[in-house]
Amino acid sequence: MTYQNILSQTSNGITQITINRPSKLNALNRDTIQELHDALEVANESKDTKVIIITGSGEKAFVAGADISEFADFDVKKGGKLAAKGQELLFDYIENLSTPVIAAVNGFALGGGLELAMACHFRVASINAKMGLPEVSLGVIPGYGGTQRLPQLVGKGRAMEMIMTAGMIDANKALEYGLVNHVTGEGELIALAEKIAGKIMRNSSVAIKGAIKSINANYKDGVDGFKTEIKQFGKCFGTEDFKEGTSAFLEKREADFPGQ
Ligand code: COA
């Protein structure tokens, strides 16, 4: 598939999706959100993809937010639709993908950019990364899940302060807050994400799928995470991966998971 605003390439089990509008600091316009959805769907269904890495092109930005020029003249109805459609197509979609998604935050991750990173399963950042939800400085609130996911990741008080002040935090502060898992030098970010992806790929993709579902269940209204875990745990016992994983352990060899 060819895209106008993103690049997607797969090798050694990893699909790297790069948002590629550097002249607009990779701001998320409508087309980019749709293309990201499409590329993620293709990767999630591909047998060649075990882990997805999302990053931004250029040296300055991961994503500097939703494209402000697209919604500056919206009314109440259009504003609500913008958030609902974006959440469905991209942000909730990523969170619930069965393939692990790592955000490699390589510069500004602001507004919708930080919301995109937070929708990924976890985040790594380069030392020049700057993160924030500046929406209230524009007279709106975060609308792509930011008011929900930021408190989940950093705690309510820190999220309240970040959102109310519209300020930015640097990579080390993000690490201290638990917003990112690792910080590295600018040139080493993708290598770090790939190294972690390599560790993930050694494990059962079927079991990882069940783990993602169970972890996410803890954050869904009206869903009992413990019950979800019990169901997913039980399901594992009917998989080829389980047979292979336990046999390999008992035979003192490395597992070669079929992914079923
Ligand atoms: N939407 C649309 N365009 C954006 C954008 C966004 N969220 N963020 C940056 N851009 C565009 C700028 O308009 C500019 O385009 P132009 O060259 O055609 O004028 C280009 O990207 C470069 O940005 P610029 O502001 O010149 O870079 P800078 O280094 O001076 O500042 C930022 C960088 C990130 C501080 C600044 O771009 C910014 O504050 N962006 C908006 C952040 C934001 O509020 N995001 C939340 C949106 S809900």
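## Strand β7 and its partners

In this predicted model, strand β5 (residues 101-105) and β7 run parallel and are joined by 4 bridges. Within this pairing, isoleucine 102 stands opposite phenylalanine 122 of β7. Strand β7 also pairs with strand β10 (residues 182-184), again in the parallel sense, over 3 bridges. Here serine 126 has threonine 184 of β10 as its bridge partner.

Strand β7 spans residues 122-126 and is mostly covered, with 5 of its 5 residues buried. In a regular strand, side chains alternate between the two faces of the sheet. Phe122, Val124 and Ser126 point one way from β7, while Arg123 and Ala125 point the other way. The residues of both sets are buried, Arg123 included.

## Aromatic pairs

The model contains 3 aromatic pairs. Phenylalanine 91 and tyrosine 144 form a stacked pair, because their ring centres lie 4.4 Å apart and their planes meet at 15 degrees, an angle under the 30 degrees that limits stacking. Phenylalanine 91 belongs to helix α3 (residues 76-95), whereas tyrosine 144 lies in the loop between β8 (130-132) and α5 (146-154), so the pair ties together parts that are 53 residues apart in sequence. Phenylalanine 91 and tyrosine 144 are both buried.

A tilted pair is formed by phenylalanine 237 and phenylalanine 242, with 4.5 Å from centre to centre and 45 degrees between the planes. Phenylalanine 237 has 44% relative accessibility and therefore counts as partly exposed. Phenylalanine 242, at 31% relative accessibility, also counts as partly exposed. Together with Phe233, Phe237 and Phe242 form one aromatic cluster.

## Ligand surroundings

The ligand is surrounded by 16 residues, the closest being Lys24, Lys60, Ala64, Ala66 and Ile68. The residues of this shell comprise 9 nonpolar, 3 polar and 4 charged.

An N or O atom in the side chain of lysine 24 is 2.5 Å from an oxygen atom of the ligand. Alanine 64 places a backbone N or O atom 3.0 Å from a nitrogen atom of the ligand. For isoleucine 68, a backbone N or O atom likewise lies 3.0 Å from a ligand nitrogen atom. On its own the ligand has 860 Å² of accessible area, of which the protein covers 60%.

Note on methods:
Residues are numbered from 1 along each chain as its sequence is written. This is a predicted model: local features need pLDDT of at least 70, side-chain atom pairs count only at pLDDT 80 or more; totals for chains, interfaces and linings use all residues. Side-chain values use heavy atoms; hydrogens and water are left out. Buried means under 20% relative accessible area, exposed over 50%, partly exposed in between (1.4 Å probe, protein chains only). Helices (H or I, at least four residues) and strands (E, at least two) are DSSP runs, numbered from the N terminus. Two strands pair if DSSP finds at least two bridges between them. Rings of Phe, Tyr and Trp (its six-membered ring) pair if their centres lie within 6.5 Å; planes under 30 degrees apart count as stacked, over 60 as edge-to-face and the rest as tilted. A residue is near a molecule or strand if one of its heavy atoms lies within 4 Å of it. A polar contact is a pair of N or O atoms within 3.5 Å; within protein, one must be able to donate a hydrogen and the other to accept it, and residues adjacent in sequence count only if both atoms are side-chain atoms. Accessible areas come from the Shrake-Rupley method with a 1.4 Å probe; for residues, only the protein chains shown count as cover. Ala, Val, Leu, Ile, Met, Phe, Trp, Tyr, Cys and Pro count as nonpolar, Asp, Glu, Lys and Arg as charged, and the others, Gly among them, as polar.
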